[in-house]
Structure formats: structure tokens, C-alpha cells
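Open the model in your viewer and keep the sequence panel beside it. This tour goes from one selection to the next.

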Amino acid sequence: MDRAYYGVNEVKSVKMIKKLITQCEEGDVLAEDIYGPYGIPLVIKNTEMNLYLINRLMRNGIYNLWVYAYDEEHSQAYQRFDKNYKKTILLVKGLINDLAVGKRLEFDQVLQATEQIVFSTKDNKLILQYLSDLRKTDEYTFTHCITTAFYSMLIGKWLNLGEDEIWKIIQAGLLHDIGKTQIPLEILNKKEKLTPEEFEIVKNHAILGYELVKEINEIDPDVKRAVLLHHERIDASGYPFQYGADRIGLYAKIVGVADVYDAMTSDRVYKKRATPFEAFEMFKQIGVSIFDTKILKVFLSNLAIYYTGTKIILNTGEIGEIVYIPPQDILNPVIRVASKIYDSSKDTVKVLSLI
């Protein structure tokens, strides 16, 4: 099989063009990192430009830059991605429903879902915008598998892993929670806090998932290992075996980060989603001791920039837009509300929710 990243049906054709800073428009996307006079990063590649950033760069003596030029409209690409995503949902639904009634896992279904993800788009911003827009709690069982696979794929790309490894990481993301098909629905869908006994039952999903994949020869051993160990943590505080960093494996470490981020930022039957900035704060404060620091740094630094341009609601009740996320301080975005600019590192404002 030809495992090129993007087939002939890719949704966008992208090129780079050089622009004078005075010619830049809101919505232009940077194709390079921009540094200040002392080597301090000002704006990171893939950031969407706005008037605040254009003025900031001009004040720092930046007179021209490289931006992406897209040959198709973003809305058309978004619609195509939505269509492909819904196809993937149907594939994953079939796979999970089959497992729930005792049928054997069919690798062809896994491969088809992997292909849908690989060939969906090469536009990372579009992927992240779409994943951020997903809000249905009734589809969580299926969407969580897919979004975790997408986040895992992005981490793999940001780590500069090879094509074959990207394919396997996607499969690990798709399959990481399949053991939950063997957990009683009344526990999985419970709105109240689980009892200690119920939580122990849920924790068994890692081993149960491994049991479902271990005899399938087409699935790579490292993918099977990720299914088993994606809840292990580098400080040996995870489950099911309390393994330390040297025994977890790269794929499990990647899926572990992707799994937690998606779970935190998704609506659930028993909780509302956290904002990306609340998730960033958790990773910065707690995650550094339990997740692989290299993976975490690559994930957070690359992910944060895509929230520039996002419409948000502040704790003041105001509606605003994120106009800048400092590369060295991703917890404190700069926000524009009408003609006002808030710097959340100094002003007492907080992102309450995304719009």
C-alpha cells in the first residue's frame, strides 16, 4: 500500500508567498517563526494574523514575512473535512458496536478508519478548528477515539516521526479505549461520581482492550502496547501496572497526552468541557511530573498557537477574541474586546469558554 500522507484528493493546495508587513491582512497565516532582535520568539509559524499582531511586528522592526496562500476557500475545505470525519464516525461505530456484542475486531475496519484520518487534510489548523467545534456528548464514545487519534497524529508529526510510525500512532489512538466495550454501560454512562469499586472496573479497560487486540497479527506490537499502557505515567502513578517512564513506550506516552487533553476539553454526560487554557494549566502544573516532558512541550507549544483568532467569553461576561498567545507564556493570551486589549498576565480576566 502507498502510505503517502496526502492523496490526490487533499482538500487544500498550499504555497508560500512573501508579503510586506503593510500588505498583511487579518486571516493571513504565518509560514515562518518570527524572532525579535535578541532572538526572542515574537510570533510562531502557523499563527493567524490580526491587527494586534501586525502592529506588534511593525513595532519590532519586522517589515516583511512569509505567509501561506490557499488555492481553495477555507469553508469548502471545512465541509470536506466534516464529510470525511462523519465517514470515520460510521467506521468506528461499526467497529465498537461489533465488539460490544462479542464479535472479533476486524483489522480492515481499523485500517479504513486510519486511512480516513491520514488522507483527511494536511491543514493542521483546520483539524484543530473542527475538533474544537465538536460538542455532542451523545457521540463521545465514538468521537473520543477519533479525536484522540487526530491529536496523536499531530503529536507524531510535530515530533517529526516517519510515515509508518504516524499510521501506527493513529491506530493506537483509535484503539486505545476499545476495552470499554467490555465495561457495563451503566458504569460508563453514570452521571454521578464513580464509587471506588466502579472506578476499578473502568480501569480494567486497558487490559480488556489488550485482550481484544493481542492475537491480531496485523496490529503492530507497539500499537498493542499502547492500548495496554496508555494510562501509565512516567512517575509510576498510572495503571494497570504502575510502570515507570522506561517501560511505557513512545506510542503509549503520545496517546496518553492526547487522551487526557481530549477528555478534558470535551463535553461529557457528567461534566462540561474545560477550556484549552485550563487544560494547558493542568499540563503545566501537574502534567510535567506524569507525562513525557518532550512530548508535552512539543504538544503544548504547537497546539496553543492555533487558538489565535478564537472567539471567547470572558469571566467578565464580555465577548472577545484571542489576538496573541505568547510563545513563552501560553497560559495568558492577549484578548481584544471591541477597542480594548486585555493582557491576561496582568489584567484580572480569564477565558470562561470558547464560542
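Begin with Leu-131. Leaving aside neighbours within four places in sequence, Leu-131 is in contact with Tyr-85, Thr-147, Phe-150 and Tyr-151; contact means heavy atoms within 4.5 Å. Leu-131 sits in helix H4, residues 124-133. Helices (H or I, at least four residues) and strands (E, at least two) are DSSP runs, numbered from the N terminus. Leu-131 is buried, with a relative accessible area of 6%. Buried means under 20% relative accessible area, exposed over 50%, and partly exposed in between, with a 1.4 Å probe and protein chains only. Now draw a distance from Leu-131 to Asn-204: the C-alpha atoms are 28 Å apart, and the two residues are 73 apart in sequence.

Before going on, a word on the numbers. This is a predicted model, in which local features need pLDDT of at least 70 and side-chain atom pairs count only at pLDDT 80 or more, while totals for chains, interfaces and linings use all residues. Residues are numbered from 1 along each chain as its sequence is written, and side-chain values use heavy atoms, with hydrogens and water left out.

**Zoom out**

Show the whole chain. It has 14 helices and 9 strands. The radius of gyration is 21 Å, close to the 20 Å that the globule rule gives for 355 residues, so the chain is as compact as a globular protein of that length. That radius is taken over C-alpha atoms, and the rule is 2.2 Å times the number of residues to the power 0.38. The C-alpha trace spans about 60 × 45 × 35 Å along its principal axes. Buried residues make up 52% of the 355. Of the contacts with a separation of 6 or more, 66% are between residues 24 or more positions apart.

**Select Ser-152**

Ser-152 is in helix H5, residues 140-158. At 0% relative accessibility, Ser-152 counts as buried. Beyond four places in sequence, Ser-152 is in contact with Ile-169, Gly-173, Ile-254, Val-255 and Ala-258.

**Select His-230**

Which residue does the side chain of His-230 join in a polar contact of 3.4 Å? The partner is the side chain of His-205. A polar contact is a pair of N or O atoms within 3.5 Å; within protein, one must be able to donate a hydrogen and the other to accept it, and residues adjacent in sequence count only if both atoms are side-chain atoms. The His-230 side chain also reaches the backbone oxygen of His-176 at 3.5 Å. His-230 lies in the loop between helix H10 (221-229) and helix H11 (245-248). His-230 is buried, at 0% relative accessibility. Residues touching His-230, not counting those up to four places away, include Asp-177, Ala-252, Val-255 and Asp-259.

**Follow the loop**

Stay between H10 and H11 and look at the backbone. Most residues other than glycine have a negative phi, and most peptide bonds are trans. Ala-236, in this loop, has a positive phi of about 65°. Ala-236 is partly exposed at 31%. Next, find the cis peptide bond between Tyr-239 and Pro-240, with omega about 15°. Pro-240 is in the loop too. Finish the loop at Gln-242, where phi is near 55°. Gln-242 is partly exposed, at 45%.

**Last stop: Ile-21**

Ile-21 lies in the loop between strand S1 (14-20) and strand S2 (34-35). Ile-21 counts as buried, at 3% relative accessibility. Among the residues that Ile-21 touches are Ile-54, Leu-57, Met-58 and Ile-62.
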